[in-house]
Amino acid sequence: MATIGKFAVRVVVLAAIIYAVTRLVDGIEVIGNPTGFFGETGTYLWVALLFALVNSIVGPIVRLLALPFVILTLGLFLLVINAAMLALTAAISDRFTVDGFVAAVFGGFLIALFSWIAELVLPLKVRGH
């Protein structure tokens, strides 16, 4: 499958994951736009695209800068980084809200967990062949 096609499928899967996380975590909400392009589903797709872009552009830089903390905490600091990426996405979008640090950490953990499970079921790695 072409790289753009895999990325598009990953965004759709991520939109479904974000939908599930908004149902499971109090404090994380997507404010749907029923009159927008693709309705409320389009809002979830937009938030997923924003999150994927933030995670792929800002994420590696933050992870590199935080590497000493990640090593020191045996990887637990990655939960804080995931929460920061979620909060940054909420800051960029007016249709996505994250209320509080605990909701961001729990939501980031669930997104990472569900993404890992989705990757096991649908191997859609964009990098490498």
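Me: What makes the span of helix α5 close to the expected one?

Reply: This is a predicted model, so let's work from its atoms. Helix α5 covers residues 101–121, which is 21 residues. The expected span is 1.5 Å times one less than the number of residues, and for α5 this comes to 30 Å. From first C-alpha to last, α5 reaches 30 Å, close to that expectation.

Me: Which residues of α5 are buried, and what do they pack against?

Reply: The buried residues are Ala103, Ala104, Val105, Gly107, Gly108, Leu110, Ile111 and Ala118. They pack against helices α1 (3–24), α2 (39–65) and α4 (77–92), and against strands β1 (28–30) and β2 (96–98).

Me: How do you know that the length of α1 agrees with a helix at 1.5 Å a residue?

Reply: The 22 residues of α1 should span 32 Å, and the end C-alpha atoms of α1 are 31 Å apart, so the two values agree. Buried in α1 are Val11, Leu14, Ala15, Ile17, Ile18, Val21 and Thr22. Their cover includes β1, α2, β2 and α5.

Me: Why is α1 called roughly perpendicular to α2?

Reply: Two packed helices are described by the angle between their axes and the distance between the axes. For α1 and α2 the angle is about 110° and the axes are 8 Å apart. Angles of 65 to 115 degrees count as roughly perpendicular, so α1 is roughly perpendicular to α2. On the α1 side the contact is made by Phe7, Val11, Val12, Leu14, Ala15, Ile18, Tyr19, Thr22 and Arg23. On the α2 side it is made by Tyr44, Leu45, Val47, Ala48, Leu49, Phe51 and Ala52. By class, this contact has 14 nonpolar residues, one polar and one charged.

Me: And why is α2 called oblique to α4?

Reply: α2 and α4 pack at about 135°, with their axes 9 Å apart. Roughly perpendicular ends at 115 degrees and roughly antiparallel starts over 145, so an angle between those limits is oblique. That is why α2 is oblique to α4. The crossing of these two helices is right-handed.

Me: Which residues of α2 and α4 meet there?

Reply: From α2 come Val47, Leu50, Phe51, Val54, Asn55, Val58, Gly59, Val62 and Arg63. They meet Leu78, Ile81, Asn82, Met85, Leu86, Leu88, Thr89 and Ile92 of α4. The contact of α2 with α4 holds 12 nonpolar residues, four polar and one charged.

Me: Asn82 is on that list. Why is Asn82 called buried?

Reply: Asn82 sits in helix α4. The cut-off for buried is under 20% relative accessible area; Asn82 has 16%, so Asn82 is buried. Leaving out residues up to four places away in sequence, Asn82 touches Arg63, Gly108 and Ala112.

Me: What makes Val98 count as buried?

Reply: Val98, in strand β2, has 19% relative accessibility. Buried means under 20%, so Val98 counts as buried. With residues up to four places away in sequence set aside, Val98 touches Gly27, Ile28, Leu86, Ala90 and Ala104. Gly27 is 71 residues from Val98 in sequence, yet their C-alpha atoms are 5.6 Å apart.

Me: How do you know that Val25 is buried, given that Val25 lies in a loop?

Reply: The loop joins α1 and β1. The relative accessible area of Val25 is 5%, so under the 20% limit Val25 is buried. Apart from neighbours within four places in sequence, Val25 is in contact with Ala103, Phe106, Gly107 and Leu110. Ala104 is 79 residues from Val25 in sequence and 9.0 Å away, C-alpha to C-alpha.

Me: Why is Arg95 called partly exposed?

Reply: Arg95 belongs to the loop between α4 and β2. Its relative accessibility is 26%. Buried needs under 20% and exposed over 50%, so Arg95 counts as partly exposed. Not counting residues up to four places away in sequence, Arg95 touches Glu29, Val30, Ile31, Gly32, Asn33, Thr43 and Val47.

Me: What makes Leu74 exposed?

Reply: Leu74 has a relative accessible area of 80%. Exposed means over 50%, so Leu74 is exposed. Leu74 is in the loop between α3 (67–72) and α4, and its phi is near 55°, a positive value in a residue other than glycine.

Methods:
Residues are numbered from 1 along each chain as its sequence is written. This is a predicted model: local features need pLDDT of at least 70, side-chain atom pairs count only at pLDDT 80 or more; totals for chains, interfaces and linings use all residues. Side-chain values use heavy atoms; hydrogens and water are left out. Helices (H or I, at least four residues) and strands (E, at least two) are DSSP runs, numbered from the N terminus. Buried means under 20% relative accessible area, exposed over 50%, partly exposed in between (1.4 Å probe, protein chains only). Contact means heavy atoms within 4.5 Å. Axes are lines fitted to C-alpha atoms, for helices over the stretch in contact, and angles run from 0 to 180 degrees between N-to-C directions. Angles under 35 degrees count as roughly parallel, over 145 as roughly antiparallel, 65 to 115 as roughly perpendicular and the rest as oblique. A crossing is left-handed if the near helix is turned anticlockwise from the far one by less than a right angle, and right-handed if clockwise. Ala, Val, Leu, Ile, Met, Phe, Trp, Tyr, Cys and Pro count as nonpolar, Asp, Glu, Lys and Arg as charged, and the others, Gly among them, as polar.
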